[in-house]
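Have a look at the model, then read on.

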Amino acid sequence: MPKELVVDPTSTRRRTEIEFKPIPVHAYDRSLAEERKLRGDAALTEILRHMMVVREFESMIASFKATGSYRGIEYAYRGPAHLSIGQEAAAVGQAVSLEPGDQIFGSHRSHGEFIAKGMSAFAKMPKEDVADLMANHRQGRLAETVDAHLDSVGTSNAEAFLLFGLLAEIFMTQLGFNGGMGGSMHAFYAPVGAYPNNAIVGASAGLATGAALRRKLSRDGGICVANIGDGSTGCGPVMEAMNFASMAQFRQLWQAPFDGGLPVLFFFTNNFYAMGGQTSGETMGWDRLSRIGAGVNQEQMHAETVDGTDPLAVADAVARKRQLLAQRKGPALLDVECYRISGHSTTDANAYRDRDEIRLWKQHDAIELMAGKLINAGLLRDDQVEDMKADTVRTIEAVTSAAVNPNIAPPVDVGSNPTLIGKFMFNDTSQPVPSGISTFTHPKGEVAAMRALARKARNGRDEEGNLHSPLRAVTLRDGLAEAIVHHLEHDPLLIAYGEECREWGGAFGVHRGLSEVLPHNRLFNSPISEAAIVATAIGHALAGGRSLVELMYCDFIGRAGDEIFNQLAKWHSMSAGELTVPVVLRASVGSKYGAQHSQDWTGLITHIPGLKAIYPATPFDAKGLMASALSSNDPVVAFESQRLYDQVELFADRVPEEYYRIPIGEPDVKRTGEHITILTFGPSLYKAVAAADELARDGISVEIIDARSLVPFNYDPVLTSIKKTGHLLIVTEASERGSFAMTVAATASRYGFADLKSPPRVLGSPNWIVPGAEMESTYFPQAHDIIDVVAGEILPDGRNRRRGVRNWDDLALARAGL
């Protein structure tokens, strides 16, 4: 909504036509003589050898899956095998034109891309740098193993290191690149630019786009590649990522030196099938995948279709696209047509395609075609090609023999270390307090919104005890804002974006005033593309940045389900702790808007291992917890109740102007009591306070604990409290069934059983849709509901105090989903 971009009706209503440029298809026409002059004979021979290495590696995996052995080596490999036999030219051709620092993000079928990128990067790097990388990887254990057992293999130590580290990871052993935590579909080795492969179809599109955003901001000259398949064009997140990468604001609103397109290449390895569905002609609308580019931006993403059976054609196309990306003209799209000779997986019986089709494509085998070119040009003889194949087999055989030997590559021993995986769930570190030179373009004192905040009272009541108006005192919204302002001002690695984050000030005003002090490269509006918002935030963080993104409504989590549940939550643990994902995802819990905009989905987030979650209910807690979230090197989901944005501080003496942090995971006792403990989540705190005030008139003393955080959650304050009171009521606005409150109740029962005089009770919302504003008070727990449960159900001597506001028996059935 930038005012400088005027939507002029005289222009938009003018009769005209949209023109499209021709999209090149198999346009490569360079002769081998020209290639020899460009690359040299040795490089061309290496391209052939690299393809052979990829083919033999994949054939070895296929053999284990089919027969349990490879060249006499017995091994029961139980993991997945999505092989790229037939696609070697695409992987090797791409790697030829990439620099070592360029980053590739893969798919479930990316062993070949991993190997090709690693071999190419090692060949281009100074030998001393390669030696340092190997020696410093996981205390040098992998390098020492390679030196001890593969030193005599007919390849360089670096290549043996790469192949052994990857195979050890596929077999999920301790010496795998990722400590056995990733496996076949998630392997990576970042020092050579091989960033995570991804088991979710198309997921790398958003991650690569986010990483490209980080590279654009760091201005390091590198590019990112999303290696995805033709089937992924049917995935919404891929389309979202391509649109995000093509946003016009990069050219029209971002100022130098950060203007220009994102340096990301969408590299579609188009093998004509998505599992058993044929893309062109059956499951997609396009005839050529490259046609998609014409619908994204005026440059048509510089799209073209390339012959993926010719590594030189691929290398030429990637080199040209890389040059465009370096000139800030990205993004780019390549449709690289090749053929997957192997099945989708080793259980694929190829029932969906004719054997004659496979035979036809075997006549266009990339390795045989490349070998024929080199032989016809006199670069190699037939016997030299056969020797190259034999040497490749010996290399893979030696690497395989070492990888299956438990004495050389010991398996991950969970038996002797049962909590091993658990230790990788969180990084549990934080950055130092950001301080120093301000990155703002103007002093905060020149911003009206920030001046107004500075004048507000820091507590919720005046000297006579009267409640301050939210216009006169710091609110929960202000507490969030102060923490965010401090981090954005002093941490240049942090960027913020999402829906309506800039001129609007955020959908609910938390970012108000920031557009006046931050340029677009630090704070910008994103498309309404929740999957892309989260995926790019992850990619930006994996590449070394820090991300603060907003989804507006908690209900929109569903639009980014995979990105939150499978990407944000898992990359730290799947990397055995090597990768950090410092992302804060803000989501408001709605009010008044009914079933699709007012749901409390905290239970979804707390169910997924690997995500931290906060839900502050007071301005003091909001500021301290948001500061901790922004400092954390773990992903944090911040829930914010819309009903509490204007809440002033009623518990702490004041909300300090100074920066401070509150540790994530620590509940807080808001009121001490003797007879019953009430644990609250989010806005339920204030209903509990109102109920406690009334219960006190009947002689019932209530201890109130505000959870503040959801994950992690320290149970000690709750267990200490029930040791005193003997009773526990947990109040939440989430639907009771499957809620985090139910989890807390079960855990409290387990560990506090000896001190409990009655079972813990959960009071949440019915298992119904959320109604509109007029009926909300009949849906979310109110003070009188809490009183009814406490006085009429939990405390034996309080049944005569039941208020009778609801038909409790009927409501109890409803809450149970009956």
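Which helices each supply at least two residues of the lining of the largest pocket? They are helix H18 (448-454) and helix H19 (476-490). Helices here are DSSP runs of H or I with at least four residues, strands are E runs of at least two, and both are numbered from the N terminus.

Before going further, a word on the source: this is a predicted model, where local features need pLDDT of at least 70, side-chain atom pairs count only at pLDDT 80 or more, and totals for chains, interfaces and linings use all residues. Residues are numbered from 1 along each chain as its sequence is written, and side-chain values use heavy atoms, with hydrogens and water left out.

**Pockets and cavities**

On a 1 Å grid over the protein atoms alone, a cavity is a set of points where a 1.4 Å probe fits but can't get out, while a pocket is an open set with protein on both sides within 12 Å along at least five of seven lines; lining residues have an atom within 4 Å of a point. Points are joined across faces, edges and corners, and a volume is the space filled by probe spheres set on them. For the classes, Ala, Val, Leu, Ile, Met, Phe, Trp, Tyr, Cys and Pro count as nonpolar, Asp, Glu, Lys and Arg as charged, and the others, Gly among them, as polar.

| Space | Volume | Lining by class |
|---|---|---|
| Largest pocket | about 660 Å³ | twelve nonpolar, three polar, 14 charged |
| Second largest pocket | about 420 Å³ | 15 nonpolar, five polar, one charged |
| Largest cavity | about 60 Å³ | four nonpolar, three polar, two charged |
| Second largest cavity | about 50 Å³ | three nonpolar, four polar, three charged |

Back at the largest pocket, 29 residues form the lining, and Ala 449, Met 450, Leu 453, Ala 454 and Glu 482 lie nearest its centre. H19 gives the largest share of that lining, with seven residues. The second largest pocket has 21 lining residues, with Tyr 75, Phe 171, Met 172, Thr 173 and Pro 411 nearest its centre.

Residues lining the largest cavity include Arg 55, Tyr 339, Trp 361, His 364 and Asp 365. Around the second largest cavity, helix H4 (88-96) and helix H5 (111-124) each supply at least two lining residues, and H4 gives the most, with three.

**Helix H26**

Just after H26, Gly 726 takes a positive phi of about 80°.

**Trp 254**

Trp 254 sits in the loop between helix H11 (249-252) and strand S5 (264-270). Trp 254 counts as buried because its relative accessibility is 4%. Beyond its neighbours within four places in sequence, Trp 254 has contacts (heavy atoms within 4.5 Å) that include Leu 213, His 520 and Phe 524.

Note on methods
Buried means under 20% relative accessible area, exposed over 50%, partly exposed in between (1.4 Å probe, protein chains only).
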